[in-house]
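Reader: I would like to learn how to read helix packing and aromatic ring pairs in a model. Please take me through one case.

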Amino acid sequence: MASTLVSEVSDHTPCLLQVETEIPRRNNFRFEYYWMEHEWMIMQVVNHGWSLLTFQMVSAKNLMAKFKNLRRVLKEWQK
């Protein structure tokens, strides 16, 4: 919802924006220090996750998709 406010000092009109949304909260990703005890294997997992195709044309979306892939394969490997 957007509404305009009265400005008593300036010729600009302030605008008040009210946004109601529910943003899903996910568990934060945490790199576990003990993974480094398996350095050779973790590097293989990271290389695999990073090299997965993303099909994103925008660089920022491509980067985010790569991080999501990486998080997914690391969680699978951790199990």
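Author: This is a predicted model. Start with helix α1, residues 39–51, and helix α2, residues 59–78: they pack at an angle of about 140 degrees, and their axes are 8 Å apart.

Reader: Which residues make the contact?

Author: From α1 come M41, I42, V45, V46, H48, G49 and W50. From α2 come L63, K66, F67, N69, L70, V73, L74 and W77. By type, the residues of this contact are 11 nonpolar, three polar and one charged.

Reader: Now the rings. What describes a pair of aromatic rings?

Author: The distance of the centres and the angle of the planes describe such a pair.

Reader: How many aromatic pairs does the structure hold?

Author: Four. One of them joins F31 and W35: the ring centres are 5.0 Å apart and the planes stand at 80 degrees, so this pair is edge-to-face.

Reader: Is W35 buried or exposed?

Author: W35 counts as buried, at 1% relative accessibility. F31 is partly exposed, its relative accessible area being 47%.

Reader: What is the geometry of Y34 and W35?

Author: Their ring centres lie 6.5 Å apart with planes at 75 degrees, so Y34 and W35 are also an edge-to-face pair. Y34 has a relative accessible area of 37% and is partly exposed.

Reader: Which residues do ring pairs link into a cluster?

Author: F31, Y34, W35 and W77. W77 also belongs to the α2 side of the helix contact.

Notes:
Residues are numbered from 1 along each chain as its sequence is written. This is a predicted model: local features need pLDDT of at least 70, side-chain atom pairs count only at pLDDT 80 or more; totals for chains, interfaces and linings use all residues. Side-chain values use heavy atoms; hydrogens and water are left out. Axes are lines fitted to C-alpha atoms, for helices over the stretch in contact, and angles run from 0 to 180 degrees between N-to-C directions. Helices (H or I, at least four residues) and strands (E, at least two) are DSSP runs, numbered from the N terminus. Contact means heavy atoms within 4.5 Å. Ala, Val, Leu, Ile, Met, Phe, Trp, Tyr, Cys and Pro count as nonpolar, Asp, Glu, Lys and Arg as charged, and the others, Gly among them, as polar. Rings of Phe, Tyr and Trp (its six-membered ring) pair if their centres lie within 6.5 Å; planes under 30 degrees apart count as stacked, over 60 as edge-to-face and the rest as tilted. Buried means under 20% relative accessible area, exposed over 50%, partly exposed in between (1.4 Å probe, protein chains only).
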